[in-house]
Amino acid sequence: MSKKFTVAVVGSGLIGQAWALVFARAGCEVRMWDGNPSALKPAREMVATLAQELQQCGLVEDAEVLMSHVQVCEVLADALANVDYVQESVPEVLAVKQALYAQLDTLTPEQAVIGSSTSSIPASAFTENLKHRQRCLVAHPVNPPYLVPVVEICGAPWTSQEAVQSCIDLMHRVKQKPVHVRRELEGFILNRLQGALLREAFRLVEQGYVDVDGLDVTIREGLGLRWSFMGPFETIDLNAPGGLADYCHRYGDMYQSIAQEQVSTAPWSEQLIEEIHSARRTMLPTESLGDRRNWRDRRLMALALHKKMLESQP
Ligand SMILES: NC(=O)c1ccc[n+]([C@@H]2O[C@H](COP(=O)([O-])OP(=O)(O)OC[C@H]3O[C@@H](n4cnc5c(N)ncnc54)[C@H](O)[C@@H]3O)[C@@H](O)[C@H]2O)c1
């Protein structure tokens with residue numbers, strides 16, 4: 001980055017810490033703030049621990065240099081003074097976001113864009129009455145954003161094109177992969193796709209077509225292998241000699257027929273949840289969940305490293 005681009009990370013819990021790492025890794029100056037001042041020191045320590053882990057696996061060159069870009073601020077106004085961008089990551093509670101944005105509206109420099117990490121609340125729900133609402137939008141990460149780079153960028157109806165473009169450009173500069181969601185909708189894109197897949201997965205197990213492990217194997221050893229480097233449209237484009245249209249003409253009737261059976265909107269029953277939960281607990285006891293999460297993060301690190309190496313090849 002040519003100038004000392006400064007980012008305020010507002011809310012320093014799980015996602016705020018991860019964002020601090022993303023921005024500092026790219027050389028931005030990062031100021032962390034939190035509604036609970038006593039959370040700040042441990043939050044910065046956690047960023048340092050994560051930076052060390054990434055250094056050990058080759059995803060960060062120098063964790064100490066990275067951490068020299070990260071400071072904590074106990075006063076919100078100090079964190080926001082002269083910043084170029086704000087990444088808000090306070091709890092997923094509308095009233096909390098609304099109260100905070102009233103402060104951000106007056107304390108944030110006028111030219112700075114404010115992105116919210118919200119997983120589900122549209123920006124219009126907490127920015128409507130702000131004086132500078134045109135610079136507010138959603139920048140929804142996937143946990144943890146320093147290993148999973150996609151970020152969904154979604155403005156409210158009044159968000160300016162300049163704010164959207166500025167956030168997209170920033171995300172590219174800090175090595176994230178922004179996706180512009182053109183209109184507000186619940187769940188944005190990623191969680192709607194995940195929701196569609198989960199709905200069918202629960203249905204197939206409920207109706208006894210496959211067991212819980214068989215379903216996971218189908219994704220892990222099947223569809224999921226390609227998904228780490230290509231999406232569903234590119235997948236089908238390559239699966240028929242004439243490309244996507246050829247695929248649709250060959251298999252469209254089958255998918256149309258299947259779709260007739262995929263119309264239920266019934267909630268997952270408690271019995272079904274219990275059945276799938278106990279199948280998972282047989283494979284992985286509750287006390288092993290933490291270890292398995294650490295294992296997942298190690299696998300993600302290895303995959304991120306692999307993808308980084310591929311991107312650096314001509
Ligand atoms: N956890 C995830 O997997 C995930 C993924 C993507 C997006 N998000 C979104 O990120 C946001 C933050 O989630 P998280 O998982 O980091 O939550 P978290 O509970 O880990 O962190 C929230 C932080 O906000 C602070 N806080 C609480 N009330 C506050 C207030 N009134 N004002 C200021 N700070 C306050 C807390 O002290 C805490 O440090 C949410 O909007 C969530 O939907 C979470």
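Modeller: What follows is a set of questions about a predicted model, each answered by setting a value against a definition.

Colleague: Let us begin with burial: why is Phe188 called buried?

Modeller: A residue is called buried if 20 or more other C-beta atoms lie within 10 Å of its own. Phe188 has 20 other C-beta atoms within 10 Å, and therefore it is buried.

Colleague: Turning to a helix, how do you know that the length of α1 agrees with what a helix of its residues should span?

Modeller: The expected span is 1.5 Å times one less than the number of residues. For the 12 residues of α1 this should come to 16 Å, and the end C-alpha atoms are 17 Å apart, which agrees.

Colleague: Why is α1 said to be largely enclosed by the rest of the structure?

Modeller: Of the 12 residues of α1, 11 are buried, so the helix is largely enclosed by the rest of the structure. Among the buried residues of α1 are Ile15, Trp19, Leu21 and Phe23. After α1 comes Gly27, whose phi is positive, near 95 degrees.

Colleague: Which residues of α5 are buried, and what covers the buried residues of that helix?

Modeller: In α5, Lys97, Tyr101 and Leu104 are buried. The cover over the buried residues of α5 includes β4 (85-88), β5 (113-116) and α6 (124-127).

Colleague: Now to the strands: why is strand β2 (residues 29-33) called largely enclosed?

Modeller: The reasoning is by burial again: 4 of the 5 residues of β2 are buried, so this strand is largely enclosed by the rest of the structure.

Colleague: How do you know that strand β1 (residues 6-10) and β2 pair?

Modeller: Two strands pair if DSSP finds at least two bridges between them. Between β1 and β2 there are 5 bridges, in the parallel sense, and in one of these pairings Thr6 has Glu29 of β2 as its bridge partner. The chain crosses from β1 through α1 to β2, and this β-α-β crossover is right-handed. On β2 there are also 3 bridges to strand β3 (residues 70-72), which runs parallel to it, and Val30 stands opposite Val70 in β3.

Colleague: In which sense do β6 and β7 pair, and in which sense do β7 and β8 run?

Modeller: β6 and β7 pair in the antiparallel sense over 5 bridges, with Leu137 opposite Gly155 in β7. β7 and β8 are joined by 5 bridges and run parallel, and Glu152 has Val179 in β8 as its bridge partner. From β7 the chain crosses through α7 to β8, and this β-α-β crossover is right-handed.

Colleague: What can be said of the peptide bond from Asn143 to Pro144?

Modeller: That bond is cis, with omega near -5 degrees, and Pro144 is found in the loop between β6 and β7 (150-155).

Colleague: Finally, which residues come nearest to the ligand, and what makes up the shell around it?

Modeller: Of the 22 residues around the ligand, Gly13, Ile15, Gly35, Ser119 and Asn143 come nearest. The shell divides into 8 nonpolar, 12 polar and 2 charged residues. The elements α1 (14-25), α5 (94-107) and β6 (136-141) each supply at least two residues of the shell, and the largest share, 3 residues, comes from α1.

How values were computed: Residues numbered from 1 in each chain as written. Predicted model: local features only at pLDDT ≥ 70, side-chain atom pairs only at ≥ 80, totals over all residues. Near = placed C-beta within 6 Å. Nonpolar A, V, L, I, M, F, W, Y, C, P; charged D, E, K, R; others polar. Right-handed = clockwise from strand over helix to strand, strands pointing away. Contact = placed C-beta atoms within 7 Å.
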